[in-house]
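Visitor: I'd like a close look at one part of this model, the charged surface and whatever surrounds it. Could you walk me through it?

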Amino acid sequence: MAPAVGETEEPAEFRRAVEQMRAAALRPEIELEDMPRPRNLAPFSAAFSAEVVVEDEELGGGRIVLLYDPDGHEAWEGTFRFVTLSRAELEPEMATDPLLPEVGWTWLTEALHLRGAHYVAPSGTVSRATSQGFGGLEGQIARTEIEIRASWTPSGDDLAPHMQAWLDLLCTCAGLPPLPPAGSGGEGVVPMPSRSALRDR
């Protein structure tokens, strides 16, 4: 991983944090890749993109960026900051729920809580966007997506739970059932049917 512009070497604390993120356990439905890092948000940064894919259909995805400023950042209340985007297509019955924004934010906070990922200074938005075809696309089924943009400052030295919580959030947005605890005998959970299969019923 190349040093950030203007820096000769990444601090050990930052390298360790990125290694912790890379060590996150992935569900079979998750495809995780490195992304080009943003250059102007912090002295050091790392970025990953992820997609939730079931039966060759992408159900959701997003990106997560880790920012690091060794001198600290007053607005962050710390030296590290996560910046994330999570998106997924919604089922019709969820798309019209007036409480969807509150529910979406709860998905994030609960994921962090369940993973023991402590944090401060959270902020973000939850939005939905509906697309309807016209003209040559008039027969296209209307689609509604949820988009959760969030940032928070991790507390503690272990950043792996934060990465794991974000991956959990992606799966929740995509409609996948949660996996049982390791060793419970139910590791082979069958994912929910694809959205196209649900429509064809």
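Visitor: Which residues gather in a patch of negative charge on the surface?

Guide: That patch brings together Glu31, Glu33, Glu51, Glu55 and Asp56. Before going on, note that this is a predicted model, with local features needing pLDDT of at least 70 and side-chain atom pairs counting only at pLDDT 80 or more, while totals for chains, interfaces and linings use all residues. Residues are numbered from 1 along each chain as its sequence is written, and side-chain values use heavy atoms, leaving out hydrogens and water.

A patch is built from residues with over 30% relative accessible area and no salt bridge, joining like charges within 9 Å and nonpolar side chains (Val, Leu, Ile, Met, Phe, Trp, Tyr) within 5 Å. Areas come from Shrake-Rupley with a 1.4 Å probe, and for residues only the protein chains shown count as cover. Asp and Glu count as negative, Lys and Arg as positive, with His and the chain ends not counted; each charge is placed at CG of Asp, CD of Glu, NZ of Lys or CZ of Arg.

Glu31 is partly exposed at 44% relative accessibility (buried is under 20%, exposed over 50%, partly exposed in between, with a 1.4 Å probe and protein chains only). Asp56, another member, is exposed at 79% and lies in the loop between S2 and S3. Asp56 also has a positive phi of about 65 degrees, although it isn't a glycine. Most residues other than glycine have a negative phi.

You'll find Glu77 in the loop between S3 and S4, exposed at 55%. The hairpin of S3 and S4 has four residues between its strands. S3 (residues 57-73) and S4 (residues 78-89) run antiparallel, joined by ten bridges (two strands pair if DSSP finds at least two bridges), and Arg63 stands opposite Leu85 in S4. S4 is also joined to S6 (residues 143-154), again antiparallel, by eight bridges, with Val83 opposite Ser151 in S6.

Now the charges that do pair up. The whole structure holds seven salt bridges (a side-chain nitrogen of Lys or Arg within 4 Å of a carboxyl oxygen of Asp or Glu). One of them pairs Glu10 with Arg37, closest N and O atoms 3.1 Å apart. Glu10 lies in the segment before helix H1 (12-22) and Arg37 in the loop between S1 and S2 (44-54), so this pair ties together parts 27 residues apart in sequence. Glu10 is buried at 8%, and Arg37 is buried as well at 15%.

Another salt bridge links Glu58 and Arg87, with closest N and O atoms 3.1 Å apart. Glu58 is in S3 and Arg87 in S4, so that pair ties together parts 29 residues apart in sequence. Glu58 is partly exposed at 37%, as is Arg87 at 26%. Glu147 and Arg149 also meet in a salt bridge, 2.9 Å from N to O; Glu147 is partly exposed at 26% and Arg149 at 37%.

How values were computed:
Helices (H or I, at least four residues) and strands (E, at least two) are DSSP runs, numbered from the N terminus.
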